[in-house]
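Subject: Handing over the structure, with notes on what was found

Dear colleague,

I am passing on the structure that I have been looking through, and my notes follow below it.

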Amino acid sequence: MCGIVGYLGTLEAMPVLFDLLKRLEYRGYDSAGIAIAGNSIRTSKTKGSVDDLVSVTPNVHGNIGIGHTRWATHGRPTSANAHPHCDDARGIAVVHNGIIENYTEIKERLIGRGYEFRSETDTEVLPHLFGEHYCGDLEASVREALSDVRGSYALAAICESEPDKIVVARKGSPLVLGVCGSDFFVASDVAGILKYTRDVIFVEDGEIGVITGDGIRLTTLDGTPVERDVETMDLDPEAAEMSGYEHFMLKEIFEQPAVIRETFSGRVSSGGIDLDLGMDLRDVERIVVLACGTSHNAGLFGRYAIERFSKIPVVVEVASEFRYMNPIIDDRDLVVAITQSGETADTLAAMREAGSRGCKKLGIVNVLGSGMTRECECLFTRAGPEIGVAATKSFTSQLAVLLLLSVALGSDRKVLSTASVNEFVYELRQLGGNIQRVLNDAPAIKECAALFTDADRFLFMGRGANYPIALEGALKLKEISYVPAEGFPAGELKHGPLALISEGVPVIAIATRDTVYDKLLGNIKEVEARGATVVGIASEGDTEITKYVNYVLRIPDTNPLIAPILSSVVLQLFAYYVAYHRGCEIDKPRNLAKSVTVE
Ligand code: F6R
């Protein structure tokens with residue numbers, strides 16, 4: 001969703017701000033703007049892309065500025081609604097992510113005092129509030145004004161009377177500051193500033209930061225000084241670059257062998273699985289998984305793995321529903337939140353709701369320093385920055401972590417013998433290499449996808465642990481190619497989805513060898529008899545499948561709970577190439593944002 005940037009340092013601010021904004025484009029946006037500090041505040045904003053902004057912005061000199069990419073919530077995507085918003089009387093400009101919940105009452109009060117509003121946004125109350133409290137000290141006015149504000153924010157403000165500083169504040173929306181000698185950066189996430197520096201300070205909820213040429217000073221909202229060391233992120237600056245690939249999504253799909261090795265590093269060895277969890281899970285009687293979207297699909301897969309290996313009952317809930325459910329949760333439950341970004345508003349709120357009922361809490365998270373890491377103990381998926389809006393490497397690394405968790409629980413509870421753990425670990429250690437073998441088949445998958453460029457709908461089916469993979473295959477395809485796609489458990493065919501089958505409708509069947517393989521062949525027969533064109537994803541060496549399907553895409557033969565990771569990679573490539581052949585905007589699909597920081 002919206003992205004905030006800021007720069008203060010030795011360089012011309014304008015090109016740096018444009019570059020930072022381009023690096024946050026993947027978060028999703030529909031308008032953009034910048035403001036540069038000087039004797040006066042000079043702003044430029046427009047509906048459309050950062051490139052559009054560059055083309056309408058005259059050259060402005062100055063070494064300090066802020067910028068924003070806006071994903072419309074309050075008010076349409078227009079130039080007037082784009083940030084920065086300004087209080088002209090005091091010369092204050094503000095960029096903001098989040099939602100000011102009580103903006104209507106603040107706005108009415110300010111209008112009553114003669115303030116004029118130019119936009120439909122909630123954000124515009126902020127510069128006016130700061131202006132109202134301003135007595136020559138921007139930091140003090142931000143501090144006082146924020147005590148009136150309800151809602152969430154990550155914000156950056158500059159003021160023409162103090163053109164040597166940026167004031168930032170955070171509550172509920174991510175905000176990171178980068179440091180590189182005398183140059184300072186503000187961004188919504190590390191990927192935005194990785195090109196410039198790996199040395200960062202994460203601003204925490206309820207903190208205000210003041211950036212000047214002398215450095216960064218943090219305080220809490222009530223003015224108590226905060227000491228925080230600069231952290232050096234262990235990330236390759238290349239991680240946020242396209243590195244010769246046509247799209248981030250393709251690059252991230254191809255990174256998966258390395259990602260899985262990183263996910264397993266120090267956790268999987270010939271001695272077994274060591275997750276180094278700082279909590280005792282021996283008394284846990286039930287696991288409740290909370291997540292949204294792709295992460296929810298990972299959670300559904302996790303249920304199969306955890307129940308199979310540890311015999312602990314699992315329920316999986318959509319976080320946006322769970323938070324309003326009045327859930328029955330207590331201290332015998334382990335609640336696991338799965339989130340790539342660690343910033344999904346519904347997942348964070350659901351975790352807080354569960355936590356208030358006294359359960360144990362664990363996050364499966366990709367982004368270091370994100371909101372979820374402040375809520376609970378976290379197992380990191382270690383997938384590195386994921387820029388493509390469609391989750392790929394973060395999904396497979398979530399599946400991998402869930403497998404590790406389930407084996408660790410099963411082994412602790414003596415449900416799994418040492419011999420079966422060793423056997424599974426042996427197969428897990430082949431996973432990186434097996435993903436590489438699937439990737440080597442990309443040309444065949446591309447060719448197969450080309451046959452369906454003009455399809456007007458797709459069905460994906462699987463059984464058991466392949467059912468969540470069918471859901472994910474359908475989600476990936478619809479997200480980036482805009483073709484309606486439905487995933488379902490193959491046993492449900494006769495209960496409804498069969499009505500969608502007619503001559504030539506593509507059905508993608510995940511038909512890898514497992515205990516329900518024969519049943520799935522029966523389901524393939526049912527769709528084939530009604531004219532479907534079936535693409536089967538099957539294990540190497542399975543000759544039977546060719547009698548049932550029109551096209552076969554292969555994965556290496558492996559354990560039935562590891563095979564879904566390989567099938568996911570096939571489906572990611574399939575979705576990518578269908579979207580590619582259709583000429584879609586793959587990394588930034590319409591209407592979608594990478595991290596959904598509002599409800
Ligand atoms: C789909 C996708 C989304 C996210 C969902 C949750 O490709 O990326 O469905 O999975 O918005 O996001 P996180 O995992 O960041 O909580």
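Two strands are said to pair if DSSP finds at least two bridges between them, and the strands themselves (E, at least two residues) are, like the helices (H or I, at least four residues), DSSP runs that are numbered from the N terminus. This is a predicted model, in which local features need pLDDT of at least 70 and side-chain atom pairs count only at pLDDT 80 or more, while totals for chains, interfaces and linings use all residues. Residues are numbered from 1 along each chain as its sequence is written, and side-chain values use heavy atoms, with hydrogens and water left out.

The parallel sheet

An open sheet of five strands runs in the order β19-β18-β20-β21-β22, and its pairing is parallel. Its edge strands, each of which pairs on one side only, are β19 (314-318) and β22 (377-380). On average, neighbouring strands here are turned by 25° against each other when direction is ignored; axes are lines fitted to C-alpha atoms, for helices over the stretch in contact, and angles run from 0 to 180 degrees between N-to-C directions. Within the sheet, β20 (residues 333-339) and β21 (residues 360-365) are joined in the parallel sense over six bridges, and I338 stands opposite I364 in β21.

Helix α9 lies across β18, β19 and β20, and runs at about 175° to β19, where contact means heavy atoms within 4.5 Å. The 18 residues of α9 (residues 293-310) should span 26 Å at 1.5 Å a residue, which agrees with the 25 Å between its end C-alpha atoms; the expected span is 1.5 Å times one less than the number of residues. Of those 18 residues, 13 are buried, where buried means under 20% relative accessible area, exposed means over 50%, and partly exposed lies in between (1.4 Å probe, protein chains only). After α9 comes K311, whose phi is positive, near 65°.

The antiparallel sheet

Eight strands form another open sheet, in the order β3-β2-β4-β1-β10-β9-β11-β15, with antiparallel pairing. Here β3 (42-47) and β15 (231-232) are the edge strands, each pairing on one side only. Strand β1 (residues 3-8) is largely enclosed by the rest of the structure, because six of its six residues are buried. In a regular strand the side chains alternate between the two faces of the sheet. In β1, G3, V5 and Y7 point one way and I4, G6 and L8 the other way.

The neighbours of β1 can be followed residue by residue. Six bridges join β1 to β4 (residues 64-70) in the antiparallel sense, and the bridge partner of V5 in β4 is G67. Four bridges join β1 to β10 (residues 183-187), also antiparallel, and there G6 stands opposite V186. Helix α1 (residues 13-23) lies across β1, β2 (31-36), β4 and β10, running at about 155° to β2.

The nonpolar cores

A nonpolar core is a set of buried Ala, Val, Leu, Ile, Met, Phe, Trp, Tyr and Cys residues joined through side-chain atoms within 4.5 Å. The largest one has 89 residues, of which I273, I287, L403, F458, F460 and F574 touch the most other members. Helix α19 (residues 563-581) gives the largest share of this core, 13 residues. Leaving aside residues up to four places away in sequence, I287 touches I306, I312, P313, V314, V315, L334, V336 and L409. Apart from this core lies another, of 33 residues, among them A13, Y29, L53 and L194.

Backbone details

Most residues other than glycine have a negative phi, and most peptide bonds are trans. Where does D276, with its positive phi of about 50°, lie? D276 lies in the loop between β17 (272-273) and β18 (286-291), and it counts as exposed because its relative accessibility is 68%. N591 also has a positive phi, of about 70°, although it is not a glycine, and it is found in the segment after α19. Finally, a cis peptide bond joins H83 and P84, with omega about 0°, and P84 is in the loop between β4 and β5 (85-87).

With best wishes
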